Amino acid sequence: MLSGRRLDLLDPSPFDIEIEDIAHGLARVARWNGQTVGEHAFSVAQHSVVVEEIAVHIKPDLDPKWRLAALLHDASEYVIGDMISPFKSALGVNYKAFEARLEHAIHVRFGLPAKTPQTIKTLIKKADRACAFFEATQLAGFGRSESLKLFGAPPAGYDLAIDPLPAAAAQARYVERYKVLAQAVGSIAPTDAWHTE
């Protein structure tokens, strides 16, 4: 990693995971494998910030730790990339177990329970699908009816106009959102110096 950490993908340690590495990687991983309109790809970092926002729209009293879980829901992709769901399924159980080990290490690193409760997973998935609906219709060339069939309708009262950010801006937005949520959870103090090495 750019931080100097060496992450063992087969046995990931929470001690080798840094938010700066996650933000850097996710800001450079394109949703839809980059097959989108516009000057910039819609990054997984920007997508993750939107998913957290949608989760809070659906459940306004969402505990900050679960808001942080929503922000980190695709964090493993900073090292393994963004694969579409059908491909993940085709790879089978070994891939899912691999991804689960990495997610577990990420959660432990950032003070979250290693296993996310099913109700929270369901909420995050609903927010994820809502974001995918907007991405599909605005960036990836899908019609509204096709997107409704694939992803369902976005939550009532929520609308989104997507403007894909350059990688550096998406990275900065992700880190800033992490800082706000980590402070709310109590995993970093508001006075902690922030480093980018």
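Let me start with a term: a residue is buried under 20% relative accessible area, exposed over 50%, and partly exposed in between. Keep that in mind, everyone, and please remember too that we are looking at a predicted model.

Leaving aside residues up to four places away in sequence, E103 touches H73 and S76. There is also P12 to look at: 91 residues separate P12 and E103 along the chain, yet their C-alpha atoms are 9.2 Å apart.

Now to the aromatic rings. A pair of rings is described by how far apart the centres are and by the angle of the planes. In this model the count comes to 5 aromatic pairs. Let me take you through W32 and F142: their ring centres are 5.3 Å apart with the planes at 55°, so this pair is tilted. The pair links distant parts of the chain, with W32 in the loop between α1 (19-26) and α2, and F142 in the loop between α7 (118-138) and α8 (144-151), 110 residues apart. F142 has 22% relative accessibility, so it counts as partly exposed.

W32 has another partner, F151. How are those two rings arranged? The pair is edge-to-face, with 6.2 Å from centre to centre and 85° between the planes. Here too distant parts of the chain are linked: F151 sits in helix α8, 119 residues away from W32 in its loop between α1 and α2. F151 is buried, because its relative accessible area of 18% falls under the 20% cut-off. Put together, W32, F142 and F151 are linked by ring pairs into a cluster.

Last stop, friends: the second largest pocket. Its space comes to about 150 Å³. Which element gives the most to its lining? That is helix α2, residues 44-58, with 4 residues. The lining as a whole is made of F42, Q46, V49, V50, E53, L160, A161, I162, D163, L165 and R173.

Definitions and conventions: Residues numbered from 1 in each chain as written. Predicted model: local features only at pLDDT ≥ 70, side-chain atom pairs only at ≥ 80, totals over all residues. Heavy atoms only, no water. 1 Å grid on protein atoms, 1.4 Å probe; cavity = no way out; pocket = protein on both sides within 12 Å on 5 of 7 lines; lining within 4 Å. Points joined across faces, edges and corners; volume = space filled by probe spheres on them. Helix = DSSP H or I, 4+ residues; strand = E, 2+ residues; numbered from the N terminus. Phe/Tyr/Trp six-rings, centres within 6.5 Å; stacked < 30°, edge-to-face > 60°. Buried < 20%, exposed > 50% of the residue type's maximum accessible area, 1.4 Å probe, protein only. Contact = heavy atoms within 4.5 Å.
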